[in-house]
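Biologist: Hello! Could you walk me through this model, one question at a time?

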Amino acid sequence: MKRMKIVKYLTLLIFVNILLIMSQINEIEAANFQIESDWIKNPIKIDGEITNTTEWADATAYKIILGLNQGKSPPYLESWIWTKNDNDNLYLLIRVEYIFKITPDVEDPFLVYYLWSQDPSTAWDTSDAAKIHQMGSPTDLCLYDGTDWVDDTFATPPGTNNVNGLGYYDSIFYWFEATKSLNLGDGRDWSLAPGDTIGLGNTPQNSDLLYMGLYDDDKNEIYETRITLKLAEPPQETRQPVGGELTNKNMGPLVAQITLGTLISLFALVLVYRINH
Ligand SMILES: [Ca+2]
Ligand SMILES: [Ca+2]
Ligand SMILES: [Ca+2]
C-alpha cells in the first residue's frame, strides 16, 4: 500500500511538472513591462478577436498589470499583450482580466498613447493615441492637453484616422485587437520604424512616455501602466512567406525543463520499484 501511495504521488508530481511548465509556453512575465514586438509571420484579420489558431501564434505574450493612478494604485487588472509589426504597421492583441474587479461595459475602450518631445530631456509637447472601441470605428487622436484629446481628423490642419480595431468582453476578459500605422506622415501621429524602442522615459524624465490602459467609461477612470516597446526588425534570413511556421523563441529552455523534471520523476519511480522488489 505504501509503495502504491508513493507511485501515486510521483505520478502526480510528473503531471504537475508538465502542467506547470506547459502553462508558461508562449507567455513571459514582462520585467518592468518591457515588451518586444515580434516580426509578423501569420496574417491578421482585425475583427477584435482571435480569428483562428495561427493568427497570433507568432507573437509572444507579455503579462502587464494595469492600475489606477498610472498603474500604482488598486484595483489591479492582470492583462496580457501580444504585439507584432511589419515595415508599415504595429499590430496589438490585448486581454484584460476584469472579473471581480470592475463591472464590464461595452462602452469601455482601450487606449494606447504616446507622449514625447523632440528633446527627450524636456517635457513632452507632442502626443498621439489610439482609442480602440468595442463597437464602431476606433479613433486616432492627437494634441493632448493633459485632459482632453483632439481627433486627428478634427485637428487644424487635419490628419487621418490610421487606427483600425475592435473589441468585446466575455465573462472574464476584455479583448481588443488593433493595428496602427508606424509612420504615415499625416502630422498627427508618431513616426516609428522597425527596430525603434519607445517609452524609455522615466522619473524625472517626462518625455518618451508610452501608456496602455482600459478606460472605465462609467467612472471616468483609466486603469493603465507604462510600457517600453521595442519594435521588431525584418528577419535577416531568407524572406519567409506570409503564414510561416508557428514558433516560440523560448521553447528551448522549456523543453529542457520538461525533459529534466520528467526524467527525475521517472528515475524516482524506478528507484521506488527496485527498493520494493
Ligand atoms: Ca483577429
Ligand atoms: Ca493619424
Ligand atoms: Ca494621431
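Modeller: Gladly, and a definition comes first: two strands pair if DSSP finds at least two bridges between them. Helices (H or I, at least four residues) and strands (E, at least two) are DSSP runs, numbered from the N terminus. This is a predicted model, in which local features need pLDDT of at least 70, side-chain atom pairs count only at pLDDT 80 or more, and totals for chains, interfaces and linings use all residues. Residues are numbered from 1 along each chain as its sequence is written, while chains are lettered from A and ligands numbered from 1 in the order in which they are written.

Biologist: Thanks! Which strand is joined to S7 by six bridges?

Modeller: S7 covers residues 110–116 and runs antiparallel to the strand in question. Tyr-114 has Leu-210 as its bridge partner there. The strand, residues 209–216, is S14.

Biologist: And over how many bridges do S7 and S8 pair?

Modeller: S8 spans residues 126–132, and the pairing is antiparallel. Phe-110 stands opposite Ile-132 in S8. The number of bridges is seven.

Biologist: How many of the seven residues of S7 are buried?

Modeller: A residue is buried if 20 or more other C-beta atoms lie within 10 Å of its own, exposed if 12 or fewer, and partly exposed in between, with C-beta atoms placed from the backbone. S7 is largely enclosed by the rest of the structure, because the buried residues number six.

Biologist: What share of the 277 residues in the protein is buried?

Modeller: The protein holds three helices and 16 strands. Counted over its 277 residues, the buried share is 30%.

Biologist: How many residues are in the largest nonpolar core?

Modeller: A nonpolar core is a set of buried Ala, Val, Leu, Ile, Met, Phe, Trp, Tyr and Cys residues joined through C-beta atoms within 7 Å. In soluble globular proteins, nonpolar side chains tend to be buried together. Here Ile-81, Leu-92, Ile-94, Val-96, Leu-214 and Ile-227 have the most contacts inside the largest core, and its residues number 45.

Biologist: Leaving aside neighbours within four places in sequence, which residues is Leu-92 in contact with?

Modeller: Two residues are in contact if their C-beta atoms, placed from the backbone, lie within 7 Å. With the sequence neighbours set aside, the partners of Leu-92 are Ile-81, Thr-83, Val-112, Glu-177 and Ala-178.

Biologist: Along S4, which side chains point to the buried face?

Modeller: The side chains of S4, residues 61–67, alternate.

Biologist: Where is Phe-100, with its positive phi?

Modeller: Most residues other than glycine have a negative phi, and most peptide bonds are trans. Phi of Phe-100 is near 70 degrees. Phe-100 is exposed, because 7 other C-beta atoms lie within 10 Å. Its place is the loop between S6 and S7.

Biologist: What is the omega of the cis peptide bond from Thr-156 to Pro-157?

Modeller: Pro-157 sits in the loop between S10 (150–151) and S11 (163–169). Another cis bond runs from Pro-74 to Pro-75, with omega near 0 degrees, and Pro-75 is found in S5. For the bond from Thr-156 to Pro-157, omega is near -5 degrees.

Biologist: Finally, what average pLDDT does the protein have?

Modeller: pLDDT is the predictor's confidence in each residue, from 0 to 100. It stays under 50 over residues 23–27 and over residues 243–255. Of the residues in the protein, 73% score at least 70, and the average pLDDT is 84.
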